[in-house]
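Let's take a walk through this model together.

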Amino acid sequence: MRLYLDTADRPLAEPLLRTGLFWGVTTNPLLLQAAGLKAAQLPEFYAWATGLGAKEVFFQSWGPDAESLVARGLELRAIGERVVVKLPVNRAGCQAAAELRRQGCPVLLTAVYTPAQALLGALAGAQYVAPYLGRIGEAGRNARAEVAAMQRLLRDLESPTQILAASLRHPDDVVALSQDGVRAFTLGPALARQFFDEPLTETAVLAFEQAMKEVSS
């Protein structure tokens, strides 16, 4: 079971990374833009994340064709051995994924919406495919059922490709998909904090602290 933080916002991510519960950090160009990060700052971001214990850091390649995606993917991988290169699950992205895998670069295919696209990820040899759970649901489809179908497909194929579920909306999404066999999830900081926010637990903690004050005096 692995949880990742889906953000490039260091002040939001740092206290969560320090818990030791998150395997790594996933980013994409939109998250970098929102955090005000430039491509030239990615090595600094990588050093920060790995310094806080991140075992994988995901950066997304970009370009109009497979050749550009491969070239930039190799540049991203050169930042450090814990970099996983993200690629879109379109024709150019799948072609680039297969070539990067041939060169020993770990890859994730992102923006996955159908089991057929998860199959493409397996055929390309991707370590991960990232279905967008929330956006599948917003399109009027049964998102959990479709991601569960992707998980069954990869399992039945005995593929090493893993689901890394993204675009999650609620902790219950993680619980439900875990029961279907999904083992990797990436969470925005706000959602990650919800896992720790249980009023009944907070009430119990306050009671424990008050009791200890009395027995320690």
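The structure holds eight salt bridges, each being a side-chain nitrogen of Lys or Arg within 4 Å of a carboxyl oxygen of Asp or Glu. Please keep in mind that this is a predicted model, where local features need pLDDT of at least 70 and side-chain atom pairs count only at pLDDT 80 or more, while totals for chains, interfaces and linings use all residues. Residues are numbered from 1 along each chain as its sequence is written, and side-chain values use heavy atoms, with hydrogens and water left out.

Start with Glu99 and Arg102, whose side chains meet at 2.7 Å, N to O. The two are separated by about one helical turn because they sit three residues apart in helix 5 (residues 91–102); helices here are DSSP runs of H or I with at least four residues, strands are E runs of at least two, and both are numbered from the N terminus. Arg102 is exposed, at 62% relative accessible area, whereas Glu99 is partly exposed at 25%. In these terms, buried means under 20%, exposed over 50%, and partly exposed in between, using a 1.4 Å probe and protein chains only.

Other salt bridges reach across the sequence. Glu138 pairs with Arg169, their closest N and O atoms being 2.8 Å apart. This pair links distant parts of the chain, 31 residues apart: Glu138 is in helix 7 (residues 133–138) and Arg169 in the loop between strand 7 and helix 9 (171–179). Asp173 counts as buried because its relative accessibility is 7%, while Arg144 is partly exposed at 35%.

Next, look at the backbone. Glu158 lies in the loop between helix 8 (143–156) and strand 7 (162–165) and is exposed at 70%. Ala111 also has a positive phi, about 65°, but lies in strand 5 and is partly exposed at 25% relative accessibility.

Finally, turn to the largest pocket. The lining of this pocket has 23 residues, with Asp6, Asn28, Tyr132, Arg135 and Ala166 nearest its centre. A pocket is an open set of points on a 1 Å grid over the protein atoms alone where a 1.4 Å probe fits, with protein on both sides within 12 Å along at least five of seven lines; lining residues have an atom within 4 Å of a point. Helix 2 (29–35), strand 4 (83–88), strand 5 (107–112) and strand 8 (184–187) each supply at least two lining residues.
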